[in-house]
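Okay, thanks for coming, everyone. Let me put the structure up and then walk you through a few spots in it.

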Amino acid sequence: MRQIIAGNWKMNGSVGGVGAYADALKAAPGHATLIVCPPYPLLPAFAAALAGTAVGLGAQDCHTGSSGAHTGDVSAILLQEIGARYVILGHSERRADHGESNATVNGKVKAALDAGLIPIVCVGETEQERDAGEAEDVVRTQLTHSLPENFAGLIAYEPVWAIGAGRTPSEADVAAMHAAIRAALVGQFPATGADTPILYGGSVKPGNAAALLALPDVGGALVGGASLNAADFLAIAAAAPGG
Ligand code: PGA
């Protein structure tokens with residue numbers, strides 16, 4: 001299966017930077033599927049710049065509802081309408097900064113699926129939880145409660161303590177967690193769980209991408225900081241197996 005390399009720009013980027021970035025991604029030879037997830041206001045410019053290409057476009061969040069009195073929120077339907085195909089949901093920064101529970105994430109995943117978007121659902125433990133030996137249990141609980149019965153999409157395993165930190169779990173720990181996630185998905189979704197892509201995220205860089213992407217059950221990467229530079233993002237994609 002082609003690996004998926006998704007860039008999470010978080011609250012970064014500018015209108016002026018869209019054209020050159022999109023051009024770089026379009027020109028890349030690539031054997032991995034690329035997805036870029038910029039802030040909401042940049043989605044229309046990216047949708048225009050990437051139209052007709054294989055590069056995917058995603059948002060970083062959506063509301064549980066389809067419309068209504070929710071100041072500052074954005075519906076999955078509108079995201080779909082302006083050209084997004086994917087939406088990151090349950091990122092640890094949303095869970096921490098906005099108090100999003102597994103139940104909230106579940107509602108957002110349902111809304112995304114109803115709108116025809118492909119959710120990228122993030123799970124991952126804190127450092128304290130890992131030190132306490134609870135990492136797999138925490139992630140299993142997140143999967144059980146964040147994913148609705150009709151889930152179809154991608155999972156991103158992002159240990160909270162590795163995000164933006166310049167350090168990653170050991171390859172053995174990433175492999176063990178991805179195996180645990182695979183087993184949980186197969187249990188929860190017998191028909192599709194074996195094929196659901198599981199991305200790794202948290203300080204993926206050009207220098208560590210090849211080792212991380214080669215691990216069993218790693219189906220790609222969710223890249224934060226290193227996705228802001230097109231050359232770095234493409235170097236990560238080039239490190240995906242299959243090239
Ligand atoms: P990072 O972020 O690559 O900057 O660690 C990953 C993420 O939060 O998606």
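**Starting with helix H5**

So, this is a predicted model, and I'd like to begin with helix H5, residues 102–114.

Which residues of H5 are buried? They are Asn102, Val105, Asn106, Lys108, Val109, Ala111, Ala112 and Leu113. Keep in mind that an α-helix has 3.6 residues a turn, so residues three or four places apart point the same way.

Okay, on to the ligand. The ligand has 13 residues around it, and the closest are Lys10, His91, Glu158, Gly164 and Ser203. If you sort that shell by class, you get 4 nonpolar, 7 polar and 2 charged residues.

Lysine 10 puts a polar side-chain atom 2.7 Å from an oxygen atom of the ligand. Histidine 91 also has a polar side-chain atom 2.7 Å from a ligand oxygen. With glycine 224 the backbone is what counts: one of its polar backbone atoms is 2.8 Å from an oxygen atom of the ligand. How much of the ligand does the protein bury? On its own the ligand exposes 280 Å², and the protein buries 97% of that.

Two more residues before I stop. Leucine 43 is in helix H2, which covers residues 43–50. Its relative accessibility is 1%, so leucine 43 counts as buried. Leaving out anything up to four places away in sequence, leucine 43 touches Pro38, Leu57, Gly58, Ala59, Leu79 and Ile82. From leucine 43 to alanine 20 is 23 residues in sequence, and 15 Å in space, C-alpha to C-alpha.

The other one is histidine 178, over in helix H8, residues 171–188. Is histidine 178 buried or exposed? Buried, because its relative accessible area is 0%, and the cut-off for buried is under 20%. Who are its partners, setting aside neighbours within four places in sequence? Histidine 178 is in contact with Tyr157, Ile198, Leu199, Tyr200, Pro216, Asp217 and Val218.

That's my tour, so let's talk.

Methods. Residues numbered from 1 in each chain as written. Predicted model: local features only at pLDDT ≥ 70, side-chain atom pairs only at ≥ 80, totals over all residues. Heavy atoms only, no water. Near = heavy atom within 4 Å. Polar contact = N/O pair within 3.5 Å; in protein donor to acceptor, adjacent residues only side chain to side chain. Areas by Shrake-Rupley, 256 points an atom, 1.4 Å probe, with all protein chains shown as cover. Nonpolar A, V, L, I, M, F, W, Y, C, P; charged D, E, K, R; others polar. Helix = DSSP H or I, 4+ residues; strand = E, 2+ residues; numbered from the N terminus. Buried < 20%, exposed > 50% of the residue type's maximum accessible area, 1.4 Å probe, protein only. Contact = heavy atoms within 4.5 Å. Expected span 1.5 Å × (residues − 1).
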